[in-house]
Amino acid sequence: MSKRKGLSVEEKRKRMMDFFFEKKDFFLLKELEKQCQKEKGITSMSVKDILMSLVDDGMVDTDKIGTSVYFWAFPSKASQNRKRKIADSKQSRDDILRKKKSTEEALAKAKIGKEETDERETILQQLSTKKQELNELNAELKKYQDCDPDVLNAKKQEAKVAKEAANRWTDNIFSTKSWIKKKFSFEDSKIDKQFGIPDDFDYID
């Protein structure tokens, strides 16, 4: 024998609302846990979660009187909620229709003078061709950028600065070698070997 399938959350919510509409009264949580299980088949353990979900959705009202918290829901309020939702839906639909009409009118205005004609098609093709030519010319120009006088002058200046800096370091190294020779009486070859200085090390012309 197959096991009986339990109620879904939506079924429990519907049954609890039916309970409120049928009773048209105020209830404590403990009363709901007992009566909803007995009359609507909603397990007492799940009554609180279902009840609070209905309260959060504004379908069930609640209030604290003294130390007791009461819950209720009347058909009249449900009817009012449905009417309000219908009115809101109609308002949203009307807003969407107005926006749709406004968009269509704006689109129609934007198309004025842009009708598909042979002349317009020819102009668009020419524009596309000119854009392609421009891209090709820019690519060609980039290849010859190194030949630009301004670029060449800038690179010459960079080379001059680099050369001067290299020669300053070369001068510093020679000065250091001279100091080591005087201080420790080392030969040039020994100093060069110790510090990894190549034999052809010299100033840049």
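These legends go with close-up views of a predicted model.

Local features here need a pLDDT of at least 70, side-chain atom pairs count only at pLDDT 80 or more, and totals for chains, interfaces and linings use all residues. Residues are numbered from 1 along each chain as its sequence is written, and side-chain values use heavy atoms, leaving out hydrogens and water.

**View 1. H2 packs against H3.** Helix H2 (residues 29–40) and helix H3 (residues 44–56) have axes 9 Å apart, at an angle of about 120°. That makes H2 oblique to H3 (under 35 degrees is roughly parallel, over 145 roughly antiparallel, 65 to 115 roughly perpendicular, and the rest oblique). On the H2 side, the contact (heavy atoms within 4.5 Å) uses Leu29, Leu32, Glu33, Cys36 and Gln37, and H3 brings Ser44, Val47, Lys48 and Leu51.

**View 2. H1 meets H3.** The axes of helix H1 (residues 9–23) and H3 come within 10 Å and cross at roughly 80°. So H1 is roughly perpendicular to H3. Look for Val9, Lys12, Arg13, Met16, Met17 and Phe20 in H1, which meet Ser46, Val47, Ile50, Leu51, Ser53 and Leu54 in H3.

View 3. Among the chain's elements, strand S2 (residues 68–72) has the highest mean, 94, while helix H4 (residues 75–111) has the lowest, 72.

Notes:
Axes fitted to C-alpha atoms, helices over the stretch in contact; angles between N-to-C directions. Helix = DSSP H or I, 4+ residues; strand = E, 2+ residues; numbered from the N terminus. pLDDT = per-residue confidence, 0-100.
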